[in-house]
Amino acid sequence: LNAILWLVTSAGLLVPQPRARSSVVSCCQRTLPQGWREVIDEASGKPYYYNSASGVTQWEAPVEVFGDAGGKGSTRALTPASSWKVKLDLTVPSSAHTVTITGTVRFAEEEGYEPPQGKLSVDSCLPEGSLRLGEQPAQWSLSEDPEDRKDSLWIWGLFSDPLYPFLLFQLDLAAPVDFPEEGVGIPAGPLYFQVDHRRKDGAVQLGEGDVTYKVSEQLQADLVGLSDFTYNEPVPCGRIRFLDTAEGMSKNLL
């Protein structure tokens with residue numbers, strides 16, 4: 001028997017032994033956007049995706065809008081290739097103090113919209129934990145006149161491209177902002193911004209603007225109280241400044 005096995009082995013007729021499972025099965029690890037993780041559903045055995053920051057659960061794999069931006073050129077734009085440094089100086093009427101938050105944000109424009117709009121992401125912030133990191137829930141948009149969206153500055157043919165002097169967007173406070181005075185602060189949630197926007201030689205310039213948050217109030221829609229509605233009262237709470245280009249914009253306007 002040993003002689004037969006030796007002959008078969010020498011002739012290369014023995015079936016190779018199976019390799020270890022780890023070397024046979026190749027697992028492709030998916031790269032997920034920040035805050036997302038893949039979880040296996042016990043009932044179906046299929047993967048689903050969970051965002052711990054927003055609480056969103058979905059079957060579809062999330063798409064990384066603000067992934068590797070590639071090379072960073074000198075021309076600034078509302079694209080993931082350009083990161084923007086922002087400074088928030090937050091104030092409230094009942095306090096003489098200012099709370100400062102700094103951060104780095106990036107924009108991604110969605111095609112096919114006029115005025116332009118898209119997604120916004122916060123890459124980092126100081127103090128840590130003050131702003132919600134990652135993709136923000138609300139979209140940004142360019143605007144001609146936030147008080148009158150029908151007022152168009154370009155339909156008269158004065159400009160080759162639409163002129164949008166304002167950028168409107170939101171950032172989420174991850175935690176309330178407390179001031180030294182007892183009981184004085186800004187609640188966690190969305191902050192609303194209106195910032196000066198210009199284009200010069202093909203490059204985007206972002207300047208300064210006002211910051212507000214909103215307080216919800218339930219109001220009656222009729223005299224007898226049969227119906228009501230929620231009114232979100234805007235409350236001014238400071239200023240924002242885009243540190244990369246705001247100074248250059250101020251000089252150009254002089």
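This is a predicted model: local features need pLDDT of at least 70, side-chain atom pairs count only at pLDDT 80 or more; totals for chains, interfaces and linings use all residues.
Local features need pLDDT of at least 70 and side-chain atom pairs count only at pLDDT 80 or more, while totals for chains, interfaces and linings use all residues. Residues are numbered from 1 along each chain as its sequence is written, and side-chain values use heavy atoms, with hydrogens and water left out.

User: How many bridges join strand E5 to E6?
Analyst: Strands here are DSSP runs of at least two residues, numbered from the N terminus. Two strands pair if DSSP finds at least two bridges between them. E5 covers residues 99-110 and runs antiparallel to E6. The number of bridges is 9.

User: Which residue in E6 is the bridge partner of Arg106?
Analyst: Strands of a sheet pair through backbone hydrogen bonds, either parallel or antiparallel. E5 and E6 take the antiparallel form. The partner of Arg106 is Ser121.

User: Which residue takes a positive phi in the hairpin of E5 and E6?
Analyst: This hairpin has 6 residues between the strands. The phi in question is near 90°. The residue is Gly112.

User: What is the bridge partner of Val122 in E7?
Analyst: E6 also pairs with E7, antiparallel, over 2 bridges. With E8 (residues 140-143), E6 again makes 2 antiparallel bridges. There, Gly118 has Trp140 as its partner. For Val122, the partner in E7 is Gly134.

User: Is Pro127 buried or exposed, or does it fall in between?
Analyst: Pro127 is in the loop between strand E6 (117-126) and strand E7 (134-135). Buried means under 20% relative accessible area, exposed over 50%, and partly exposed in between, with a 1.4 Å probe and protein chains only. Pro127 has 47% relative accessibility, so it counts as partly exposed.

User: Which residues does Pro127 contact, leaving aside its neighbours within four places in sequence?
Analyst: Contact means heavy atoms within 4.5 Å. The contacts are Thr100 and Ile101.

User: What stands opposite Tyr50 in E3?
Analyst: Strand E2 (residues 47-51) is joined to E3 by 2 bridges, and the two run antiparallel. The residue opposite Tyr50 is Thr57.

User: How many aromatic pairs does a search of the whole structure find?
Analyst: Rings of Phe, Tyr and Trp (its six-membered ring) pair if their centres lie within 6.5 Å; planes under 30 degrees apart count as stacked, over 60 as edge-to-face and the rest as tilted. The search finds 6.

User: Why is the pair of Tyr48 and Trp59 called edge-to-face?
Analyst: The ring centres are 6.0 Å apart. The pair counts as edge-to-face because its planes stand at 75°.

User: Which ring does the charged end of Arg76 sit over?
Analyst: A charge sits over a ring if NZ of Lys or CZ of Arg is within 6 Å of the ring centre and within 35 degrees of the ring normal. For Arg76, the distance to the centre is 4.7 Å. The ring belongs to Trp84.

Terms used. Helices (H or I, at least four residues) and strands (E, at least two) are DSSP runs, numbered from the N terminus.
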